[in-house]
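I opened the model today to look up a ligand shell, a helix pair, a sheet and the domain layout. My notes follow in that order.

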Amino acid sequence: MPDTAARLRRTVGAGQRLVVKVGSSSLTSADGGHLDHGALSALVDVLATRRAQGRQVVLVSSGAIAAGIGPLGLSRRPTDLATQQAAASVGQGALVAAYQAAFSAHGLTVGQVLLTADDVTRRAHYTNARRTLERLLELGIVPIVNENDTVATQEIRFGDNDRLAALVADLVGADALVLLTDVDSLYDGPPSQGGSRRVPLVETVADLDAVRIGGTGSSVGSGGMVTKVEAAGIAGGAGIPTLLTRLADVSGALAGEDRGTVFAPAAATRASRKRWLAHATTARGRLVLDAGAVAAVTDRRKSLLPAGITGVEGGFAAGDPVDVCAPDGTVIARGLVNYAASELPRLLGKSTRDLARDLGPAYEREVIHRDDLVVL
Ligand SMILES: Nc1ncnc2c1ncn2[C@@H]1O[C@H](COP(=O)(O)OP(=O)(O)O)[C@@H](O)[C@H]1O
Ligand SMILES: N[C@@H](CCC(=O)OP(=O)(O)O)C(=O)O
């Protein structure tokens with residue numbers, strides 16, 4: 001319904017605290033190797049206007065790798081991790097220096113925040129990152145967040161910043177997430193294919209059934225529309241609406257004009273800890289269950305006990321996130337496991353009472369407590 005889109009756009013525009021994510025493709029020159037200073041200062045103008053209205057913004061900016069391509073004398077975005085990290089190391093400095101100059105022209109100060117996936121997956125780090133961002137906002141600073149590309153390894157990196165932006169929006173309790181890219185909105189098919197129509201509103205996931213979502217359309221972007229739609233889903237699960245559009249249209253959209261795509265927040269949200277578990281963690285292994293345990297975990301929301309586990313994969317430690325799978329291997333839940341992978345095989349198929357009797361009271365504990373388990 002068009003009214004819903006207009007109402008949601010007004011909600012986003014009226015938000016006191018926005019997380020705004022800008023992609024590499026919006027910040028780099030057509031050859032993809034240099035920062036587009038005109039685009040960067042146009043973005044800063046929009047954000048500075050919000051700050052002048054007394055509102056807060058957290059900027060999640062990609063572009064470090066793209067900004068490092070030219071200075072390193074490369075002809076295109078590197079594909080190997082080591083050169084990407086070198087490019088990010090060179091480019092991140094250039095990126096933040098450019099933001100610093102552009103924001104200071106508006107009398108604003110920026111603070112660089114580089115996060116790894118671990119910083120939003122390990123609970124203690126997560127709380128610490130939240131405290132830092134809160135304090136920066138209290139002090140009137142514009143935090144500029146990016147992934148800490150120079151230290152992130154292939155297995156643990158986010159790679160694109162869309163999911164990171166959604167997690168940051170949840171972390172700081174943003175009123176809305178704004179994703180800025182090089183297309184004006186979501187289309188019902190990749191815009192390069194022609195004939196695709198604009199999708200102004202995504203109210204529920206069912207609205208996406210008729211949408212063909214593709215990868216990146218540029219030589220510098222990484223996630224394409226897939227990761228943006230996922231990010232909108234993560235933000236929506238935290239009760240946060242998302243506006244997706246391009247830089248040229250964002251002021252209009254925030255003022256309520258019919259631009260871009262708005263994604264409605266989910267009607268029911270999970271508790272923060274469960275959201276964190278579902279979206280911010282990377283599984284370090286898998287537990288395969290029998291059919292009875294699948295029903296206990298999914299339908300009756302019980303804790304997972306050793307008796308219902310038939311297989312253990314991976315080299316996880318106690319406390320690590322693991323995927324919980326049905327007998328056919330489908331992932332049905334994620335949880336924080338109470339035992340290391342090496343401890344589990346001898347416990348499988350046994351009741352907690354037998355384990356406590358044979359091995360001692362420490363073995364009476366669940367494999368995953370229901371509070372540490374989120375059904376997907
Ligand atoms: N259904 C779709 N609607 C809009 N854009 C799409 C769609 N499917 C794929 N895309 C592509 O996604 C691109 C944006 O993603 P990406 O290049 O990763 O940008 P960014 O650098 O902003 O993260 C668009 O340029 C477009 O070519
Ligand atoms: N952290 C990386 C982000 C990589 C990237 O291309 O992301 P995006 O343009 O948002 O798809 C960088 O700053 O280059």
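I sorted the shell around ligand 2 by residue class and got 4 nonpolar, 10 polar and 3 charged residues. Here Ala, Val, Leu, Ile, Met, Phe, Trp, Tyr, Cys and Pro count as nonpolar, Asp, Glu, Lys and Arg as charged, and the others, Gly among them, as polar. The model is predicted, and local features need pLDDT of at least 70, side-chain atom pairs count only at pLDDT 80 or more, while totals for chains, interfaces and linings use all residues. Residues are numbered from 1 along each chain as its sequence is written, and chains are lettered from A and ligands numbered from 1 in the order in which they are written.

I then listed the shell: 17 residues surround ligand 2, and the closest are G23, S24, S62, A64 and I65 (near means a C-beta atom, placed from the backbone, within 6 Å). Helix 2 (24-27), helix 4 (64-69) and strand 4 (142-147) are the elements that give two or more residues to this shell. The largest share, 3 residues, comes from helix 4. Helices (H or I, at least four residues) and strands (E, at least two) are DSSP runs, numbered from the N terminus.

Next I checked a helix pair. Helix 3 (residues 37-52) and helix 10 (residues 247-254) pack at about 10°, with axes 10 Å apart. Axes are lines fitted to C-alpha atoms, for helices over the stretch in contact, and angles run from 0 to 180 degrees between N-to-C directions. Helix 3 and helix 10 are therefore roughly parallel (angles under 35 degrees count as such). I found A39, A42, L43 and V46 of helix 3 meeting L247, V250 and S251 of helix 10, with contact meaning C-beta atoms, placed from the backbone, within 7 Å. By class, this contact has 6 nonpolar, 1 polar and no charged residues.

Which strand order does the open sheet have? I read 12-11-13-14-15 for its 5 strands, with mixed pairing; two strands pair if DSSP finds at least two bridges between them. Strand 12 (309-314) and strand 15 (373-375) are at the edges with a single partner strand each, so one side of each has no neighbour in the sheet. The twist averages 25° from one strand to the next.

Strand 11 (residues 285-289) and strand 12 run antiparallel, joined by 5 bridges. I noted that R286 has E313 in strand 12 as its bridge partner.

Last, I looked up the domains: domain 1 (2-274) and domain 2 (283-375), with bounds from an automatic or database domain assignment. Their centres, taken over C-alpha atoms, are 36 Å apart.

Technical notes: Parallel < 35°, antiparallel > 145°, perpendicular 65-115°, else oblique. Contact = placed C-beta atoms within 7 Å.
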